[in-house]
Number of protein chains: 2
Amino acid sequence: MQVYAKMNAQQLLAAYAKEKAYFEECKEKGLDLNMARGKPAKAQLDAVSGILTVLSEPEDCVADNTDVRNYGELAGMPSARAFWADILGCKPEQTVLGGTSSLNLAFDVISRAYSHGLLHSPRPWCKEEKVKFLCPAPGYDRHFRITEFFGAELITVPMTPEGPDMDLVEEYIKDPAVKGIWVVPKYSNPTGIIFSNETVRRFAALKPAAPDFAIMWDNAYCVHEFIGDYVEFPDIIGLCAQYGNPDMVYEFASTSKITFAGAGVSVLACSEANVDYFLRLFSVQMISYDKVNQLRHVRFLKDRKHTLELMKVHAAIMAPKFQVVAEILEEQLKPCGFASWGNPTGGYFVSLDTMPGTAKRALALCKEAGVVMTPAGATYPYGIDPNDSNIRIAPSLPPVEELQKAMDVFCTCLKLAALEKLLGK
Amino acid sequence: MQVYAKMNAQQLLAAYAKEKAYFEECKEKGLDLNMARGKPAKAQLDAVSGILTVLSEPEDCVADNTDVRNYGELAGMPSARAFWADILGCKPEQTVLGGTSSLNLAFDVISRAYSHGLLHSPRPWCKEEKVKFLCPAPGYDRHFRITEFFGAELITVPMTPEGPDMDLVEEYIKDPAVKGIWVVPKYSNPTGIIFSNETVRRFAALKPAAPDFAIMWDNAYCVHEFIGDYVEFPDIIGLCAQYGNPDMVYEFASTSKITFAGAGVSVLACSEANVDYFLRLFSVQMISYDKVNQLRHVRFLKDRKHTLELMKVHAAIMAPKFQVVAEILEEQLKPCGFASWGNPTGGYFVSLDTMPGTAKRALALCKEAGVVMTPAGATYPYGIDPNDSNIRIAPSLPPVEELQKAMDVFCTCLKLAALEKLLGK
């Protein structure tokens, strides 16, 4: 095997014939494998199922002088707010607990910005002539879609190994129509990088033209290392305050990948002024979020220290899968020289850049062979990757054995698509 | 004791002195009683706490070929959709399960109408010059507040013993700016009446000028009788379809007063076309609602028949409280002749009309004496009762003994406020 770029036509044709034959072989196996979404594996869910019975009797349901089985406490149980403050390094008064989904909390923040405006908005965003939103890409499709849904113009900002290109961010925010930015600061989705301290500092120090500029700081993977020790992260809320921007950041997190996916507890962390503002808005839609589930989580997870112990159980299940991905990519793609990828130590994804102009085709081939991936382009605003190159690999769900098969098919499809392109097929 | 209206000045002064003395006596007791909100009592919560352990082991968490501990099934678990269809008399395909709160689902429907429009909207409501919303009153403050929040003009429609004044409703909907109506068809909040079949038929047959007119049909108390047998109710979705208005109605319900308040499962029921439309919208904000809790509810409540059995347990706790309210009102207020009230057989409230112009004052006196009630005016749009007369009594939370004390204080305060008015104090 050698680098495709150095092959002559005959060599390319031979490589193509070989990959094509193997592809047909794979197809005949009738596989049904999925690496599309960051879903925890069954083993992970089993490992945390103790949470099901942590509240068993009526008397278990009283905490903070509150019966969690009844209405009340819109901001969340005090002990649950304290739990999240411990995890995020902020103050309990800077947290508002939500339902099962931090995505829904982020949606609600943007939705309320649209209909009513944020704390410092001169007017609701729906009354603005134009709203633009910065989208570091590759990034998380569901983030981009929320701002697209509310009619914002999405502006792509390239990602670097240290985070979004901050020179560009600092330039874009001079435009008062630029109202915010989506980021995943730790184990970024999908690149897996951690924002450098300097990137985080530059975020906190931003002086946007829009008085209601919103940093949507999705700390979805804040305790989600799968290799190595826990990596500390700065308290962005305190840091923004330090730079005179206390109300600029909205931090999100959830237990979706700590306990149960889609049945955990989410949090919005922000300045006390923002907490007041949002509680006023949220009081129109809610009496109180699910405190039974909040208390289940507090009893089960206890605190940051205990949660980090539990994350090691997840890590032990996740690490071998990411190792398989790394090994197979190294073995099958490295020699061909047309693709590059990250080697994350936490989070849920591996981001891969294949030969420009071939990502869509490669994933269509994957589908043909029974392997479902996140659609190509999903990691870019509007679902359009201008280079048709980036692919998000989500190896968490399948068991290792299935993952090996899926990665094998995946690499074959990448090679086939690249060879097709080189051969002008 | 005699009817106040027939008393002379001297008699009124004597009555005032007596009530005033008793009021001061009450105040000295330093009571702390609450009849403000329709919260279930501890005994009710204890009676359903079996739901806490209905899912105990990992293997309990698989149903409908789905592991409820992982992401997926935005519309809800098939078995949970079937459960709600059984309760509401509609089809499973006509249901979308939400989080813990049907109020939040109703909010989301109006919020999306505002930002994106409903299925048949010519444009989003935020782009309309004017949106008006019909609010049968006395009604539910949190309903009114949602439409007020989104800038709609609230139009009061009087309630009758058969439901909202349908002659007026049929007149108002000729205005294309009138975009919808809030209703609680069974055990209406707060009057406790059940809409007559003719009222329900007239709702289904409405031909509003607005193509996107929305009947917000909050069936919050659909299985919530506390006296007597279960009262059947018509399937409003099927009925609307029968009258050629399949997409006009959005029905809401939840288990907030069946299992745990604020930790139950909610549902939006509507036409299949509306289900499709809303799933498309909801997919931007959610991956899936809490299926673990959905399955808990399906396993615990089973079906309509079993749920109705369970509601008898609630009824046995609720009935004596409503009896206390009825008895004390009868004994203390009837002879004075200045107030009238309902005698509901289900729901969570008793609606009372006191002497016009005295409700606010009476509840201020209650507060002084340590009894918290729903604020006067809350049952009317903008929180303003033009007659300052209607008061919502919520007797479910306090134990019977406390309730007796609270009702005693309440009646004294009503009398005192009425006497003050009659005496020009």
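This is a predicted model: local features need pLDDT of at least 70, side-chain atom pairs count only at pLDDT 80 or more; totals for chains, interfaces and linings use all residues.
The helices α4 (102-115) and α10 (291-301) of chain A, together with α4 (102-115) and α10 (291-301) of chain B, each supply at least two residues of the lining. By class, the lining of the largest cavity divides into 18 polar, eight nonpolar and four charged residues.

The contact between the two chains may be considered next. Chain A contributes 57 residues to the contact, and chain B contributes 57 residues. The area buried between chain A and chain B is about 4800 Å², with 56% given by carbon and sulfur atoms. Within the area that chain A buries against chain B, A:R69, A:Y71 and A:V284 supply 16%, more than any other three residues.

Specific interactions also join the chains. Two salt bridges are counted between chain A and chain B; in a salt bridge between B:R69 and A:D46, the side chains meet at 2.8 Å, N to O. On the side of chain A that touches chain B, the elements giving two or more residues are α2 (42-47), α4, α5 (141-149), α9 (272-282) and α10 of chain A. Of these, α4(A) gives the most, with seven residues. That side of chain A has 25 nonpolar, 17 polar and 15 charged residues.

How values were computed:
Residues are numbered from 1 along each chain as its sequence is written. Chains are lettered from A and ligands numbered from 1 in the order in which they are written. Side-chain values use heavy atoms; hydrogens and water are left out. Helices (H or I, at least four residues) and strands (E, at least two) are DSSP runs, numbered from the N terminus. Ala, Val, Leu, Ile, Met, Phe, Trp, Tyr, Cys and Pro count as nonpolar, Asp, Glu, Lys and Arg as charged, and the others, Gly among them, as polar. Contact means heavy atoms within 4.5 Å. Buried area is the accessible area (1.4 Å probe) that two parts lose on being put together, summed over both. A salt bridge is a side-chain nitrogen of Lys or Arg within 4 Å of a carboxyl oxygen of Asp or Glu.
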